[in-house]
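Please walk through this protein model, starting with the whole chain and then turning to individual side chains.

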Amino acid sequence: MPPIDPPISSRAPAWRRWAVGLLLATAVLPALAERADRDKPMNIEADALRYEDQQRLSTFTGNVVVTKGTIVMRGAKLEVRQDADGNQSGIMFAAPGKRAFFRQKREGLNEFIEGEGETITYDGKTDIVRFVKNAEMRRLVGTTLQDQVNGDVIVYNNTTEVYTVESAPHAAGAPANGGRVRAVLAPRGAASQPPGAPLPLRPSTTLPAASPKP
């Protein structure tokens, strides 16, 4: 990660609309999502930036927009961390009452994965995206919606293109369907897949291990 200037107050008008290039330094792994995205620089625009050298933490605030190849993320606040091996991870937070946004093109297809959640985390080492609270993920062919899933937590693995959906526990006496996972899946036949095309997205039969809270 290239050096970044010392901490900057979010009130400093001279630093409005930051545009910072951050290179995601991770190993290239086989993937069905857009492979070239892993090697592209991460470009971030925001109203302000604060960098903490000891924690290797960059915090972007105010109308944050991230682009990395075909990946697009939008939200109110972004925290980017880098470990000792150079792997970077990001947490995008939505503004109160809203949801953060994620979009990525699928490899070799005119298809896109879109998702929203109050918090979105992207792990550059594992290439896994997590949509947390009021989460929704969609698959589009061009601009046409094909599949949609909703839940409390959606975990999407860019490498395997497998996703899991968890529902929020409902309070005693509340309607059971209030915390249920919901999905709309369009039928698709083998004839509609071009030769050598990757398989459609598929849900996992097991839930992932719970991640430790920060």
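What percentage of the 214 residues of the protein chain count as buried? The figure is 38%, where buried means under 20% relative accessible area, exposed over 50%, and partly exposed in between (1.4 Å probe, protein chains only).

The model is predicted, so local features need pLDDT of at least 70 and side-chain atom pairs count only at pLDDT 80 or more, while totals for chains, interfaces and linings use all residues. Residues are numbered from 1 along each chain as its sequence is written, and side-chain values use heavy atoms, with hydrogens and water left out.

Confidence comes next. pLDDT is the predictor's confidence in each residue, from 0 to 100. Its mean over the protein chain is 74, and 63% of the residues reach 70 or more. Residues 1-32 have a pLDDT below 50, and beyond near neighbours in sequence this stretch has 80 contacts in the model; a contact means heavy atoms within 4.5 Å. Over residues 194-199 the pLDDT also stays under 50, and the model has nine contacts beyond four places in sequence for them.

The protein chain contains 14 strands and zero helices. Both kinds of element are DSSP runs numbered from the N terminus, with helices (H or I) needing at least four residues and strands (E) at least two. Among the contacts in the protein chain with a separation of 6 or more, 50% are between residues 24 or more positions apart. The chain exposes about 11700 Å², of which carbon and sulfur atoms supply 56%; accessible areas come from the Shrake-Rupley method with a 1.4 Å probe, and for residues only the protein chains shown count as cover.

Glu79 is found in strand E5 (residues 71-82) and is buried, with a relative accessible area of 16%. Leaving aside neighbours within four places in sequence, Glu79 is in contact with Leu57, Ser58, Thr59, Ser89, Gly90, Ile91 and Phe93. Glu114 is found in strand E8 (residues 111-117), and its relative accessible area of 11% makes it buried too. With neighbours within four places again set aside, the residues in contact with Glu114 include Phe101, Phe102, Arg103, Glu136 and Arg138. The side chain of Glu114 makes a polar contact with the side chain of Arg103 at 2.3 Å. A polar contact is a pair of N or O atoms within 3.5 Å; within protein, one must be able to donate a hydrogen and the other to accept it, and residues adjacent in sequence count only if both atoms are side-chain atoms.

Charged pairs follow. A salt bridge is a side-chain nitrogen of Lys or Arg within 4 Å of a carboxyl oxygen of Asp or Glu, and by this rule the count comes to 11. Arg99, Arg103, Glu114, Glu116, Glu136 and Arg138 are linked in a network of salt bridges. Within this group, Glu116 forms a salt bridge with Arg99, the closest N and O atoms being 3.2 Å apart. Glu116 lies in strand E8 and Arg99 in the loop between strand E6 (88-93) and strand E7 (100-105), so the pair ties together parts that are 17 residues apart in sequence. Glu116 is buried at 18% relative accessible area, whereas Arg99 is partly exposed at 29%.

Glu118 forms a salt bridge with Lys133, with the closest N and O atoms 3.9 Å apart. This pair links distant parts of the chain: Glu118 is in the loop between E8 and strand E9 (119-123), and Lys133 is in strand E10 (residues 128-141), 15 residues apart. Both partners are partly exposed, Glu118 at 32% relative accessibility and Lys133 at 45%. In the salt bridge between Arg139 and Asp147, the closest N and O atoms are 2.9 Å apart. Here Arg139 is buried at 4% relative accessibility, and Asp147 is buried at 9%.

What aromatic pairing does the structure hold? There is one aromatic pair. The rings of Phe102 and Phe131 have their centres 5.9 Å apart and their planes at 75 degrees, so the pair is edge-to-face. Phe102 lies in strand E7 and Phe131 in strand E10, so the pair ties together parts that are 29 residues apart in sequence. Rings of Phe, Tyr and Trp (its six-membered ring) pair if their centres lie within 6.5 Å; planes under 30 degrees apart count as stacked, over 60 as edge-to-face and the rest as tilted. Phe102 is buried at 1% relative accessibility, and Phe131 is buried at 0%.
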